[in-house]
Amino acid sequence: MIHFKKTGTRFSLPNLGITIKSALLTNPYFPSTIGSAFIFIYFIIGLTPVLMKSEKEYFPFFSFKLYSKIPNGFIKYDLLFNAGSDQEHYLLYKNVCLNKLERKCFDHWLAGAVIEYNQSGILNLKPYEYLFDDVQTVSLVKISGDVMEMVNNTKYTLEVIEVIK
Amino acid sequence: MINEFKLLWLSLSGNYKFPESILSSEMEKAAESKLLISIFYFLVFATSIQTFSPFSQFPEWNTLLASHHLFTPLWSAKWLVYFEWSFAVQSVLLFYFVSSLLSIFLWQKFRLIRICVFLSIFFYLSLISSFGKIDHYLHVMVVVTFLLIFSPDQKRKRASFNKDILKVVFGIQIFILLTYSISGFFKFYGILDQELSGVPSAFSYTSLAKNIAKTNLATNFSTFFSSLILNSNSILFPFLLLLGYLIELLSLFIIIRPHLHRIWGLLLVAFHAFVLMTVGPDFTIQALVVGIFILHSPFSKNPLRRQRDLRNG
């Protein structure tokens, strides 16, 4: 049973606009003023950081801009522990010992610390200091390359930015 | 199902008038809406149970208790610092559990219960997002609980009850479908931007594989189809990716096509399943919300109602 009335008008962009407008206005269940205003304000606030080209997010408002570009290359910052020894390992890369909260937190802190370092030249790693107790050396490193090469062949460029310990 | 695909094609290429059949039997649609909202509140309760499970998508409760030193509160979680940490975390989890449990039976009677459910899930999301990065898989559920605060209380028995509840459900549908359209818009903008910059975009053979590699790198986790897609070049993969983008983008259009809600709900749920099996981000909770409000939309032509209409001539 098809309840569709086809008038024969060809599809066009201006027509689409009129169609949306008239269909919404004639809909008896269109949300109340408060509901419509909330939805409108939600997206205005959610989209503001995107329009301002900022990484900031006004929680709980969100733009839903996810995976919008194909990653061709990558740059990641990490801490390399015990470089050159048998116990060489990274804080984030291939570290399966981290729980969800630690991974999120360290990733975020490290990114912030690197931005601050690039702006002021001062590297503030105070939140990490308790991680340095049981290791011989600590270096802040930049890992870059092609995402496919990295995942398929573990090929990447490693650059030591600063030796911390 | 074939009819619905036919409708999809026709409606994308033709002019539209709001079908009269959609406007009929308001009471029936309101009854369906109430059932859907009850199922939604049950889903909220189910997610609250998950917060106590060590095997769920949420951070484990004992990990939360042991992570006070990592806590960097968002504005909405700053009040937690005034309480003893384990008491604050346990209170947020229990508030979420108790309010969602009560909402299963009492959401129609008391607005206060609906407000409590919204606040509890909002505080829970604030808590788990106060560790660096904000999680996005609960945003739609939080906003839906907020919009449901405005659904009418049954005990007042207003004449406009049916229409009011349908307005709330339609508002929820507009919000959900808009999130997908905006997401789709940014993806197509991304294609344009990358094509104009001369770098590989979603049109390239490796586009899906690169998205998978990005997630793999960030999470150290392989998805169900990751090895298959990472090791083969096929035109099918970018095609599927672009199809997903298109489904997202056109969601806005589906707002005014109630008879397509069911098929579009199915496509969106399938889209989330495809993303989980390939790229990795887990939006299962959002897919379930889409399943409730779009796939089982009270504005679509319900197959059971259709059968009854056919029987009645």
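What is the strand order of the open sheet in chain A? I looked this up first. The model is a predicted one. The sheet has 4 strands in the order S2-S1-S3-S4, and the pairing is antiparallel.

**Entry: sheet edges and pairing**

I checked the ends of the sheet next. Strand S2 (89–90) and strand S4 (157–163) of chain A are the edge strands, since each pairs on one side only. I then followed strand S3 (residues 138–146) of chain A into S4(A). The two run antiparallel and are joined by 6 bridges. A reminder to myself: strands of a sheet pair through backbone hydrogen bonds, either parallel or antiparallel.

**Entry: the helix across the sheet**

Which helix lies across S1, S3 and S4 of chain A? I found helix H3 (residues 100–120) of chain A there. H3 runs at about 100 degrees to S1(A), the strand of residues 73–81.

Most residues other than glycine have a negative phi, and most peptide bonds are trans.

- A:Lys53 lies in the loop between H2 and S1 of chain A. Its phi is positive, about 55 degrees, although it is not a glycine. A:Lys53 has a relative accessible area of 79%, so I list it as exposed.
- A cis peptide bond joins A:Phe59 and A:Pro60, with omega about 5 degrees. I placed A:Pro60 in the loop between helix H2 (33–51) and S1 of chain A.
- A:Tyr67 is found in the loop between H2 and S1 of chain A. Phi of A:Tyr67 is near 50 degrees, a positive value. Its relative accessibility is 24%, so A:Tyr67 counts as partly exposed.

**Entry: a lysine of chain B**

Is B:Lys187 buried or exposed? I located B:Lys187 in helix H8 of chain B. Its relative accessible area is 7%; buried means under 20%, so B:Lys187 is buried. I then listed its contacts, leaving aside neighbours within four places in sequence. They are A:Leu66, A:Tyr67, A:Ser68, B:Tyr245 and B:Glu248.

**Entry: nonpolar patch on chain B**

I searched the surface for nonpolar side chains. B:Phe185, B:Tyr189, B:Leu192, B:Leu196, B:Leu246 and B:Leu249 form a patch, with about 610 Å² of accessible area together. Which helices each supply at least two residues of the patch? I found helix H8 (161–197) and helix H11 (236–249) of chain B. H8(B) gives the largest share, 4 residues. B:Tyr189 is partly exposed, at 47% relative accessible area.

Technical notes:
Residues numbered from 1 in each chain as written. Chains lettered and ligands numbered in written order. Predicted model: local features only at pLDDT ≥ 70, side-chain atom pairs only at ≥ 80, totals over all residues. Heavy atoms only, no water. Pairing = 2+ DSSP bridges. Contact = heavy atoms within 4.5 Å. Axes fitted to C-alpha atoms, helices over the stretch in contact; angles between N-to-C directions. Patch = residues over 30% accessible without salt bridge, like charges linked within 9 Å, V, L, I, M, F, W, Y side chains within 5 Å. Areas by Shrake-Rupley, 256 points an atom, 1.4 Å probe, with all protein chains shown as cover. Salt bridge = Lys/Arg side-chain N within 4 Å of Asp/Glu carboxyl O. Buried < 20%, exposed > 50% of the residue type's maximum accessible area, 1.4 Å probe, protein only.
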